[in-house]
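Please read it alongside the coordinates.

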Amino acid sequence: MTVVSILALDGVLPFELSVPGQIFGTANEAIGRTHYEVRVCAPGRRVTTPAEYGGFHLATDWDLEALAEADTVVIPGHAGFLDTPPATVVAALRTAAGNGARLAAVCVGAFTLAATGLLDGHRATTHWQHAAELAHRHPDVDVDGSSLYIDNGPLITSAGVAAALDLCLHLVRRDLGAALAATTARRTVMPLQRDGGQSQFIEHPDPGGQDTTLQPVLHWMEAHLHEQLTLDDIARHGAMSVRSLNRHFRTQTGTTPLQWLLRARVHRAQELLETTAIPIERIATETGFGAPSTFRQHFARHTGTSPQAYRAAFRSPSHPKPAPYR
């Protein structure tokens, strides 16, 4: 069982407090057993949310000392994030990290994590409005105010509010594989295409304008991942110029057509590695990467591991060991 402890400091933002329980609890339902045990840990076992967010009080069974037992500690933002966190909070987080826990900060929770010194020398993100302040207060942290989330292995940070969903789904994908993460996303009515490198700045067109939805184009691209698609091919299918295609992608997905296509191919490869015995070489072809060496390179860049290692970690026991490719 994996213990996920949520650090609830006074003034905690209620949405960010609730997201980990929602995502990890839904993952438990999807897998049909309790893989995650979610605990809310608060100093004195009590916490109050800000008045402007409802101003309610919560009592919990766990205090700061319980962080030492966690496998993952989630640090939501709280109203006093610009204040120096209490020494007891810093010590509890450092103890958890020393015990091997991964620490995941949501939004301005990055300020609390940075106060421990653990982020020094690492890339980190936070809500774009507060990125400059985080960089100013913690010059040894490489702050990137544009990414949705940044995964440094045991240290993960995410952008504001809704990016908490992306971060938690990313952790489920790391723990249990792409297929289970996709099921969890569907049950929470969330897309699973928002990778950490996607920009925080997604512009939404004026509803009264004549902008074009990309949804039919995205569905078509997913159905043709195995083909060697070019920008001209995608633009032609969408009945627009390449320039318009790039503009629509940037405003509606926060990335480029080819980057979106690359991520979709990696996600499809993850599913095939988990749920089939198809050889690596054939997966490279069926997902549009072509050469196995190209597939391995892109897969490792996006997942941090090789296709073989990923399959060994996440392949369902119901699927036999893949046969040699012929």
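1. Helices, at least four residues long, are DSSP runs of H or I, numbered from the N terminus. The model is predicted, and the points below should be read on that basis. On this numbering, leucine 225 is placed in the loop between helix H7 (215-223) and helix H8 (231-237).

2. Is leucine 225 buried or exposed? Its relative accessible area is 7%, and because the cut-off for burial is under 20%, leucine 225 counts as buried. Not counting residues up to four places away in sequence, leucine 225 touches Leu261, Ala264, Arg265, Arg268, Glu286, Thr287 and Gly288. Between leucine 225 and phenylalanine 289 the C-alpha to C-alpha distance is 8.9 Å, with a sequence separation of 64 residues.

3. The second topic is aromatic pairing. Searching the whole structure gives 5 aromatic pairs. In one of them, phenylalanine 24 and tyrosine 36, the ring centres are 4.6 Å apart and the planes stand at 50°, so the pair is tilted. Phenylalanine 24 belongs to helix H1 (residues 14-31) and tyrosine 36 to strand S2 (residues 36-41); the pair therefore ties together parts 12 residues apart in sequence. Phenylalanine 24 counts as buried, at 0% relative accessibility, and tyrosine 36 likewise counts as buried, at 2%.

4. Phenylalanine 295 and phenylalanine 299 form an edge-to-face aromatic pair, with 5.6 Å centre to centre and 65° between the planes. Both residues lie in helix H12 (residues 292-303), where they are 4 residues apart, about one turn of the helix. Phenylalanine 295 and phenylalanine 299 are both buried. Ring pairs also link these two residues with Phe289 and Tyr310 into a cluster. Phe289, a member of that cluster, is the residue whose C-alpha lies 8.9 Å from that of leucine 225.

5. The last topic is helix packing. Two packed helices are described by the angle and the distance between their axes. How do the axes of H1 and helix H6 (residues 178-187) cross, and at what angle? The axes come within 9 Å and cross at roughly 115°, which means that H1 is roughly perpendicular to H6. The crossing of H1 and H6 is right-handed.

6. Which residues make the contact of H1 with H6? From H1 come Ile23, Thr26, Ala27, Glu29, Ala30 and Ile31, which meet Leu180, Thr183, Thr184 and Arg187 in H6. By class, the residues of this contact divide into 5 nonpolar, 3 polar and 2 charged.

Conventions. Residues are numbered from 1 along each chain as its sequence is written. This is a predicted model: local features need pLDDT of at least 70, side-chain atom pairs count only at pLDDT 80 or more; totals for chains, interfaces and linings use all residues. Side-chain values use heavy atoms; hydrogens and water are left out. Rings of Phe, Tyr and Trp (its six-membered ring) pair if their centres lie within 6.5 Å; planes under 30 degrees apart count as stacked, over 60 as edge-to-face and the rest as tilted. Helices (H or I, at least four residues) and strands (E, at least two) are DSSP runs, numbered from the N terminus. Buried means under 20% relative accessible area, exposed over 50%, partly exposed in between (1.4 Å probe, protein chains only). Axes are lines fitted to C-alpha atoms, for helices over the stretch in contact, and angles run from 0 to 180 degrees between N-to-C directions. Angles under 35 degrees count as roughly parallel, over 145 as roughly antiparallel, 65 to 115 as roughly perpendicular and the rest as oblique. A crossing is left-handed if the near helix is turned anticlockwise from the far one by less than a right angle, and right-handed if clockwise. Contact means heavy atoms within 4.5 Å. Ala, Val, Leu, Ile, Met, Phe, Trp, Tyr, Cys and Pro count as nonpolar, Asp, Glu, Lys and Arg as charged, and the others, Gly among them, as polar.
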